[in-house]
Amino acid sequence: MMEFSSDFQAQLDTLFTWRRDVRHFRPDPVPEVALGRALAVAAMTPSVGLSQPWRFMRVEDAGRRARVREDFVRCHAETLGRQTEADSGLYARLKLAGLEDAPHHVAVFSVVDPAQGRGLGRQTMPQTALWSSVMAIHGFWLSATAQGFGVGWVSILDPARMAEILEPEPGWVFVAYLCVGYPVEGSETPELERLGWEHRRGERGAWILR
Ligand SMILES: Cc1cc2nc3c(=O)[nH]c(=O)nc-3n(C[C@H](O)[C@H](O)[C@H](O)COP(=O)(O)O)c2cc1C
């Protein structure tokens, strides 16, 4: 078994502390080798039955990117319309995507019924394939943070529209749209907390006992 030093363990804690959802990006691209390294880390994620159901798609076509942005604007406006009067002012001021400035766009899909893994572990809980893909995104996110670039997860999108725009393979379900690039600034505090939308609750890290 590999042993990790206490210095490494402390640095790993720091990585978790400083990993942020990034919405303000510098325009300069991330080197391909760094993006590839994050993808390789994602590929080491545990997955149900070793099915590795995640599919990371680079969205480079300007037309497709523009259509994704349009869908975000439409979904965002609809969500704004559903906010209470008390929340709507603050909601309208939040920056909930970095689609205009992020140099890289990555859509993540999950294979619903992957042949790989031969169904192991999915018979009673088929959603575990999707969960495996979400975990892969976390690996990508942490590797990005460790390498100095950032990820912003955009979910204010219509999955059916994403499928029309991005034309995934049959049997793939849309999981996430990630903005990727160097952050304008770093912070130990989530942006939603800094702007007063929500507070991170430390007690959610406590055990529940039965
Ligand atoms: C599944 C998922 C979906 C998210 N969707 C959005 C989104 O659409 N827009 C946004 O600004 N942030 C989104 N986020 C980021 C969260 O707002 C962010 O993780 C949270 O505020 C905590 O901040 P931190 O990631 O910097 O710790 C999403 C995060 C997750 C895990």
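Setting aside neighbours within four places in sequence, Thr128 is in contact with Val48, Gly121 and Arg122, where contact means heavy atoms within 4.5 Å. This is a predicted model, in which local features need pLDDT of at least 70 and side-chain atom pairs count only at pLDDT 80 or more, while totals for chains, interfaces and linings use all residues. Residues are numbered from 1 along each chain as its sequence is written, and side-chain values use heavy atoms, with hydrogens and water left out.

Thr128 belongs to helix H5 (residues 128–146); helices are DSSP runs (H or I) of at least four residues and strands (E) of at least two, numbered from the N terminus. Thr128 counts as buried because its relative accessibility is 12%, and buried means under 20% relative accessible area with a 1.4 Å probe, protein chains only.

Now to the pockets. A pocket is an open set of points on a 1 Å grid over the protein atoms alone, where a 1.4 Å probe fits, with protein on both sides within 12 Å along at least five of seven lines; lining residues have an atom within 4 Å of a point. Volume is the space filled by probe spheres set on the points, which are joined across faces, edges and corners.

| Largest | about 460 Å³ | Asp21, Arg23, Trp141, Trp153 and Leu192 |

Strand E3 (150–154) and helix H7 (191–194) each give two or more residues to the lining of the largest pocket.

Note on methods:
Buried < 20%, exposed > 50% of the residue type's maximum accessible area, 1.4 Å probe, protein only.
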